[in-house]
Amino acid sequence: MQDVLSMTYLWLKAGHIIFVIFWMAGLFMLPRYFVYHQEAPTGSPEAAEWASRERKLLKIILLPSIIAVWVFGIALAFSLHAWDEGWLHAKLLLVLALSGYHGWLASYAKKLARGERPLEGKTLRMLNEVPGIAAAIIVILVVVKPF
């Protein structure tokens, strides 16, 4: 029985890591797409193509990945009995923030598709750093478990 439980944990961990990689890749790509989209003339075929790419990235990569990250992550937390751990609380707070960031990116994609461009390219380039910083902190929390 112990072998089955340890194998289950390893499969959960592998699935979680795989989908975190997919999710993070999408979170890095989408703001870059936004920069290119904003550089295209409003209403142009190029702008329409960028809107299509953004929709596909959101629906094919980002949405399934965020769902899998949460499912595998919650299953891992249960398998580790880690709900009382401070590092897990901090990690969950950061993952919630990244999930909100994901939602904001999805809403910004809709604005761009309508021809609205509320942010400058420089701001979007800076926002591109958000997932990297969050990922670095999350990795430290999970590996080092500082509290």
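This is a predicted model: local features need pLDDT of at least 70, side-chain atom pairs count only at pLDDT 80 or more; totals for chains, interfaces and linings use all residues.
E39 belongs to helix α1 (residues 2-39) and R125 to helix α4 (residues 121-127), so the contact ties together parts that lie 86 residues apart in sequence. E39 is exposed, at 54% relative accessibility. R125 is partly exposed, with a relative accessible area of 35%.

E49 and R53 form another salt bridge; their closest N and O atoms are 3.7 Å apart. Both residues sit in helix α2, four residues apart, and are therefore separated by about one helical turn. An α-helix has 3.6 residues a turn, so residues three or four places apart point the same way. E49 is partly exposed at 37% relative accessibility. R53 is also partly exposed, at 33%.

R114 and E116 also pair through their side chains, with N and O 2.9 Å apart. R114 is exposed, at 54% relative accessibility. E116 is partly exposed, at 35%.

Helix α2, which carries the E49 and R53 pair, covers residues 45-80 and contains 36 residues. The helix reaches 51 Å from its first C-alpha to its last, close to the 52 Å expected at 1.5 Å a residue. After α2 comes H81, which has a positive phi, near 55°.

Technical notes:
Residues are numbered from 1 along each chain as its sequence is written. Side-chain values use heavy atoms; hydrogens and water are left out. Helices (H or I, at least four residues) and strands (E, at least two) are DSSP runs, numbered from the N terminus. The expected span of a helix is 1.5 Å times one less than its number of residues. Buried means under 20% relative accessible area, exposed over 50%, partly exposed in between (1.4 Å probe, protein chains only). A salt bridge is a side-chain nitrogen of Lys or Arg within 4 Å of a carboxyl oxygen of Asp or Glu.
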